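Dear colleague,

Here is the structure I said I would pass on. My notes on it follow below.

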Amino acid sequence: MLHLLIIAIVLLPPAFFLEEAGERFVERHPEQRPLWNYLYQPGLRALFVVALVFGSYPAVFGLADAPPLGETLGQVENGFDKAFHLVLLLGFLLPAIPVIGRIPGLTIPLQAWGLLALLAEWTALAMGVDSPSLWPGVGTATSMLVLALLGHFGPRLMPARVRQRPGLAAFSALALQIPAIYAYGLALGRHFVGT
């Protein structure tokens with residue numbers, strides 16, 4: 001679990017810096033707002049999700065030992081490309097779904113959960129075991145949803161000086177979404193215990 005925390009601590013400051021820099025840029029150049037909102041920001045967040053999940057592999061599944069990430073990604077042709085493009089595509093499409101579009105804090109956890117499901121399938125192939133069930137169970141799914149919603153609503157409960165800085169608010173939301181991401185990874189990892 002310490003490994004997961006270290007990866008999050010390493011990735012959050014650059015995520016904050018890039019979010020803050022992007023917001024400052026579009027304040028000075030408002031005509032760039034659509035590009036930031038619909039292309040650059042989702043792309044940066046997709047990179048964050050991929051780095052978070054891949055950087056914490058295999059600990060994200062609660063495993064101390066697993067095939068190396070390169071071997072796991074090599075289970076399918078162009079594994080890294082497929083994984084990144086899945087996360088990027090979800091980042092573009094999920095906000096267009098009415099319910100998710102109204103709760104943007106669900107986008108990053110859903111992207112990460114999709115990537116974790118894909119990575120769990122490939123890890124099972126690399127380990128030579130059956131594919132895990134992608135359904136984590138009612139209790140875990142409820143916990144994941146509550147944690148994801150905390151990532152969305154949590155920044156709104158923070159002091160006004162935090163909410164007034166869009167980069168800091170986005171950083172806070174990312175930090176609060178990480179437990180929801182890891183909860184699903186650990187649920188998927190239960191399949192690999194004892195294999």
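**Asn 78 and the loops**

Asn 78 is partly exposed, with a relative accessible area of 46%. Please keep in mind throughout that this is a predicted model. Asn 78 sits in the loop between H3 and helix H4, the latter covering residues 79-93. Its phi is near 55 degrees, a positive value, and Asn 78 is a residue other than glycine.

The other loop feature is a peptide bond. Tyr 57 and Pro 58 are joined by a cis peptide bond, with omega about 0 degrees. Pro 58 belongs to the loop that runs between helix H2 (33-55) and helix H3 (69-73).

**Salt bridges**

A search of the whole structure gives three salt bridges. I take them one by one.

Arg 45 and Glu 19 meet through their side chains, with an N to O distance of 2.7 Å. Arg 45 is in helix H2 and Glu 19 is in helix H1 (residues 2-28), so this pair ties together parts that are 26 residues apart in sequence.

Arg 33 forms a salt bridge with Glu 23, and the closest N and O atoms are 3.1 Å apart. This pair also has one partner in helix H2, Arg 33, and one in helix H1, Glu 23, so it ties together parts that are 10 residues apart in sequence. Arg 33 is partly exposed, its relative accessible area being 27%. Glu 23 counts as buried, at 9% relative accessibility.

The remaining pair is Arg 24 and Glu 20, whose side chains meet in a salt bridge at 4.0 Å, N to O. Both residues lie in helix H1, four residues apart, which is about one turn of the helix. Arg 24 is partly exposed, with a relative accessible area of 38%. Glu 20 has a relative accessibility of 10% and counts as buried, because the buried class takes in values under 20%.

When you open the model, I would look at the cis bond between Tyr 57 and Pro 58, then at Asn 78 with its positive phi, and then at the pairs between H1 and H2, namely Arg 45 with Glu 19 and Arg 33 with Glu 23.

Regards

Key:
Residues numbered from 1 in each chain as written. Predicted model: local features only at pLDDT ≥ 70, side-chain atom pairs only at ≥ 80, totals over all residues. Heavy atoms only, no water. Helix = DSSP H or I, 4+ residues; strand = E, 2+ residues; numbered from the N terminus. Buried < 20%, exposed > 50% of the residue type's maximum accessible area, 1.4 Å probe, protein only.
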